[in-house]
Amino acid sequence: MQVNPFTLEIIKNAIIVANEEMFYAWARTAKSPVIYEVLDFSVGITNAKGDLVAEAPGVPGFSGVLDFVVKEAIEKWIHDLHPGDVIVNNVPYGSGTHLNDVALIAPIFYKDVLVGFTATKGHWSEVGGMAFGSWNPHATEIYQEGLQLPNVKLYMEGRPNKDVIDIILANSRLPDNTLGDMESQVASMRVAARRIMSLVDKYGLDAVLTAMERIIEDGERYARIRLRELPKGVFEAEDYIDAAIASSDKPIYVRARVEITDEEFVVDFTGSSRQVPSPINSPYPATVAGVKEVYMAIIDPHVTPNAGLFKPLKVTAPQGSIFNPVKPAPTSTFWEAMAFATDLVWKALAPHVRDRLTAGHFLSIIATIIGGVDDRTGEPFAIVEPQPGGWGAGYDMDGTSGLVAVGDGETYIASTEVYEKNFPILVERYTLNTEDGVGHGKYRGGFGVIREYRILNNTALVTIQVGRHDYPPWGVEGGLPGPGNRVVVYRQGSSPIEVRRMTAEIFKKGDLVSIRTSGGGGWGDSLDRDPMLVLQDYVNELITLETARDIYGVVIDPSRRTIDWEKTFELRKKLRELRGHV
């Protein structure tokens, strides 16, 4: 069908706006702070084949699997879909991440014609399992991680499927939150569907379908143009996942081979470790989503993603590997491996696309749950959130401080005041982590944070997983690595201990958990850093006199807060000789 190009552009942008409205409708009506404060979710619209047409900024790990989610629903239900149906799926291996991340899929019909689908995926705070909050760093199989909802109908022709909903609520320790989040999720999808229907009523069905296809075609055309600008060849990287696992303390070896041609961007994880009986496994859709994150950063981080944009991307991960596990592999802390799917490609390409990628960042989500039953009200409560940290330096700039990891994208750090008002905790300290520092270089990494929670309840349960501890954020071109992530627990009457993972451990009133996220890696030789930038960091209390002197070779007079240029010149000359620099 021939459609006026101006009309097509109007429809294309209206579809994108409908998707954004779905996003904000869910955020503003949800029950749990992990949705309405943290924004730990994503939404999208696909065509009738399940190809992504539009998505709103959200968690990239969710956005990147929405096409898998819809296509799996189509495969099962294509001959039994009706207006008003809503399908629920959280089984990770074919379309997901972990069981807490629940996907809802709803067909959009215009009369008897299937126009497309709305798809949403977000973190439900509780879906059962062996530990409060469901995701569990000690799980050895998926059955310990919660209720599995294998592509079943939550709503049938607009009517709630009460049997399925009753099963969901019976398995949740926070049924009110679960029901509230589920209903707001469904309501947001209806908002988007109404907007699509209004477009059909105004411009006609053929025009809307044509606009959907044009979005995808334009995405592919643009991706191939940008792909031709990239360096061509084969690039490789390897690393180790050091998140503690159940079967051993040995790190998990991972590697990636990246090949870029004028037509394809191919990533192959062959050679990486097999899946492990611990929840760090990344389901294949999550692995692909992780690669999509860095692929978009290289192609164009500001373009609106769609199926066409990802047409040149090919991802291989052998079945049964850490990047493509099979049942019953647990996946509740999947982000530990998924992050490395992103980071390996990033590490391989950073020296070659210096204007688009930085040095390594703190990477691990450091996901945290604090929950229990509030002494004041007798009601259950739960804090579920990622932590921010330090990002790596660029070739011409310092790294960003206190930002969530790449896999969390547009999520926020929840308000301290909201937590302290609603829950029996005190955020005792929330500051840049200048104590552990950053990866130094000509440009230094950004700073992580220190975030400390004091328990004010008689008891609370704490769950946490820490990665990037032994194998810290990497530097580039002589830049130093960051210090690594760590968590320290202070219990009343006991010495502080450093922990790597906890699952629903009991904390008592007055106990404190101190989360210390890593600074990012540096870029370039620290002796090439502008001495004035070193002085500025000292004045801003980001580094010490000793760091300025020993790492950067800059001698500062602390009383006058000025640089002794003569001593700095001599010291840098001496340090270059000691370090073997020309």
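## Burial of W26 and F41

W26 and F41 are both buried, meaning under 20% relative accessible area, with exposed over 50% and partly exposed in between (1.4 Å probe, protein chains only). The model is predicted: local features need pLDDT of at least 70 and side-chain atom pairs pLDDT 80 or more, while totals for chains, interfaces and linings use all residues. Residues are numbered from 1 along each chain as its sequence is written, and side-chain values use heavy atoms, with hydrogens and water left out.

## Aromatic pairs

The whole structure holds 14 aromatic pairs. Rings of Phe, Tyr and Trp (its six-membered ring) pair if their centres lie within 6.5 Å; planes under 30 degrees apart are stacked, over 60 edge-to-face, and the rest tilted. One of the pairs is W26 with F41, tilted, at 4.5 Å centre to centre and 50° between the planes. Because W26 lies in helix α1 (residues 5-29) and F41 in strand β1 (residues 41-47), this pair ties together parts 15 residues apart in sequence. Helices (H or I, at least four residues) and strands (E, at least two) are DSSP runs, numbered from the N terminus. F23, Y24, W26 and F41 make up one aromatic cluster.

F265 and Y295 have ring centres 5.3 Å apart and planes at 80°, so their pair is edge-to-face. F265 belongs to strand β10 (residues 265-268) and Y295 to helix α9 (residues 284-299), so the pair links distant parts of the chain, 30 residues apart. Both F265 and Y295 are buried.

## Charges over rings

A charge sits over a ring if NZ of Lys or CZ of Arg is within 6 Å of the ring centre and within 35 degrees of the ring normal. The charged end of K292 is placed over the ring of F310, 4.7 Å from its centre. R451 lies over the face of Y430, at 4.7 Å from the ring centre.
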